[in-house]
Amino acid sequence: MNTLPMVWSEAERLWPEKIGLVTEREQLTYAELARRIRRLSGQLIRQWEVRPGEVVGILAPNGVEFVLTYFAVTTIGGIVHPIDERLKSEEIRFLLEDSGARFVIVHQALWGKFANVWNVLPALERVIAVGDVGANVESFHTWVQGSAVPDIAGALELSPASDDIAELMYTSGTIGNPKGAMRSHANVRAASRNARRAFGYRHDDVIAIVMPLSHSSALVSQMLPMVEVGGRIVLVERFDAADLVARIRGQAVTCFRAVPATFKMLMVYPEFNADHLPSLRLLMNSSAAIDPKTHWEIKARFPDVDLVNSYGLTEASTCTILTDAMAREHPDSIGVPIPGVEMSVVDDAGCVVDDGIEGELFVRGPHVCHGYHNLPNESEALFAPGGWMRTGDMGQKDSEGLFYFHGRKADVINCGGRKYAPVEVENCIRELTEVAEVAVLGVPHRVLGQVAKAFVVFRDRASVDLKAVTRHCTRYLPSHKVPFYVESVDVLPKNSLGKMLHRELKAESHVAFQKK
Amino acid sequence: MSNTHARVIEFLSVVLQVDIPTDIDDLQRREFSEWDSINHLRLIMELEEILGVTLEDEQAADLSSSRQIEALFTKHGVTLPDEASA
């Protein structure tokens with residue numbers, strides 16, 4: 001059976017005494033983890049009467065509780081709904097309301113944010129707290145501790161089927177409201193297999209999970225494949241560059257995956273180098289492209305460590321791999337599809353375009369999700385004939401089979417009928433040494449329909465020269481790509497993974513236009 | 001060549017990012033491919049900002065030479081700064 005419960009039954013059978021999970025407070029063998037998962041599964045059925053197909057939310061930082069909940073809920077055929085710990089109260093309310101969760105497990109560190117909206121979530125019936133929240137709420141630890149481990153799930157024959165939904169994983173909502181991607185047991189097992197093939201995880205690997213487990217990448221491209229190969233997981237509850245360097249050294253960590261911002265923060269520390277951290281063999285970039293300068297700076301410190309990149313979406317996790325060797329020749333590429341994943345570039349008419357021509361990236365494979373929760377129209381629109389999934393991302397393929405990501409399709413600017421991705425304009429503006437960061441989006445124009453507007457973060461206030469940006473673009477870009485508007489901003493809105501929040505930029509831009 | 005004329009040529013040169021001979025008598029839009037319809041709209045936007053007025057659509061569309069732009073500055077009594085502000 002291609003299901004999540006099978007992951008643990010196999011892990012417990014093959015290496016029961018091996019340390020599987022390490023946190024700041026404890027380390028647990030695979031057998032002990034399996035015992036706790038069974039106990040929690042039993043409690044979910046006995047105490048809450050969770051039935052197959054029901055949604056259970058988990059709002060917790062990286063910790064053993066998250067891992068136990070993930071596997072316990074899916075073991076009994078429930079649907080686990082990870083909630084990003086960095087969301088604000090109102091965003092948490094939106095997700096819990098949208099998912100229709102009747103049950104949620106909340107960590108004490110996040111209790112305040114949850115408590116703000118608890119009373120406006122009528123569908124939510126049962127809440128359990130991890131730690132002391134000072135309220136009359138059931139205790140997670142009481143549930144999990146104890147010796148009796150009746151295999152209630154097994155006794156009730158609740159084992160899920162591979163096509164049953166296992167996860168409700170919400171998109172980051174960079175261009176609209178987050179949508180709950182429904183991922184089956186088979187989907188997440190396939191995504192995990194993609195990660196194993198791409199990253200070459202080994203039985204003797206020790207992975208530090210720095211990214212939040214509520215994120216697709218941390219779950220299915222880090223935690224799950226590491227359990228499948230019997231490696232060791234070091235959970236990092238809160239990112240601190242110095243602490244992470246110390247834990248890599250102390251735990252002999254061999255690999256970790258992080259967003260570009262994390263790598264940049266680590267590079268501030270001279271100890272982040274191969275001599276000080278000889279156990280490291282693999283670094284994996286995630287969520288956004290790493291700039292070539294940072295890439296080569298990391299390589300200079302870790303010449304023998306593989307630094308790889310990968311492209312994926314919440315709806316189809318871990319699709320491509322860009323190896324070190326590929327990055328040397330094509331640093332701007334997202335790499336090649338992982339075996340088992342199919343990708344193509346398609347035009348608006350649904351036809352595959354030639355190499356070098358921009359179009360929408362399509363993906364096909366067993367890791368592709370089943371659609372969006374409670375959104376039948378969006379789910380239907382997600383898929384094209386032949387089982388292809390529309391990623392909503394623009395890009396192209398070159399003659400060597402490498403793919404390139406240009407930006408979100410929704411971000412494409414249509415200036416007088418001429419369409420282009422903002423990334424081309426952003427790259428042009430980045431050539432200016434005084435520019436630290438830039439984001440470009442389309443804004444309404446009464447004649448042209450849309451024109452480009454650039455939001456620029458300058459390196460220092462003294463170097464702000466908006467006209468210089470326009471002049472530079474006019475010199476190097478065709479007229480329809482030259483920004484009509486340039487605005488200096490202190491910071492660009494991004495989500496916790498460093499992805500630009502275009503909806504917030506658009507909202508700001510909309511307000512600015514209304515004020516005009 | 002008047003000072004205003006020279007500044008208008010400089011202004012066009014900066015907005016369109018092309019080298020324009022300073023001794024040109026009258027720069028015609030149709031003679032410069034860089035002065036296309038989209039750059040024309042951007043040019044109008046720059047002019048409106050400097051003049052502090054909103055040009056009528058017809059007036060904007062008819063504006064097709066450096067001499068016409070020069071006349072526009074004269075009409076509104078606005079002097080272009082030394083280094084064209086665009």
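I started with spacing: in this predicted model, the C-alpha centres of domain 2 of chain A and domain 3 of chain A lie 26 Å apart. I then checked the contact, meaning heavy atoms within 4.5 Å. Four residues of domain 2 of chain A and four residues of domain 3 of chain A take part.

I looked up the bounds. Chain A is divided into domain 1 (4-184), domain 2 (321-407) and domain 3 (412-515); such bounds come from an automatic or database domain assignment.

Next I took the buried area, the accessible area (1.4 Å probe) that two parts lose on being put together, summed over both. Between domain 2 of chain A and domain 3 of chain A I read about 280 Å², with 57% given by carbon and sulfur atoms. On the domain 2 side, Glu358(A), Met394(A) and His406(A) lose the most area, together 77% of what that side buries.

I searched for salt bridges (a Lys or Arg side-chain nitrogen within 4 Å of an Asp or Glu carboxyl oxygen). The count between domain 2 of chain A and domain 3 of chain A is zero.

Chain A averages a pLDDT (the predictor's confidence in each residue, from 0 to 100) of 90, and 94% of the residues score at least 70. Residues 511-516 of chain A fall below 50; that stretch has six contacts in the model beyond near neighbours in sequence.

For the record, residues are numbered from 1 along each chain as its sequence is written, chains are lettered from A and ligands numbered from 1 in written order. Local features need pLDDT of at least 70, side-chain atom pairs count only at pLDDT 80 or more, totals for chains, interfaces and linings use all residues, and side-chain values use heavy atoms, with hydrogens and water left out.
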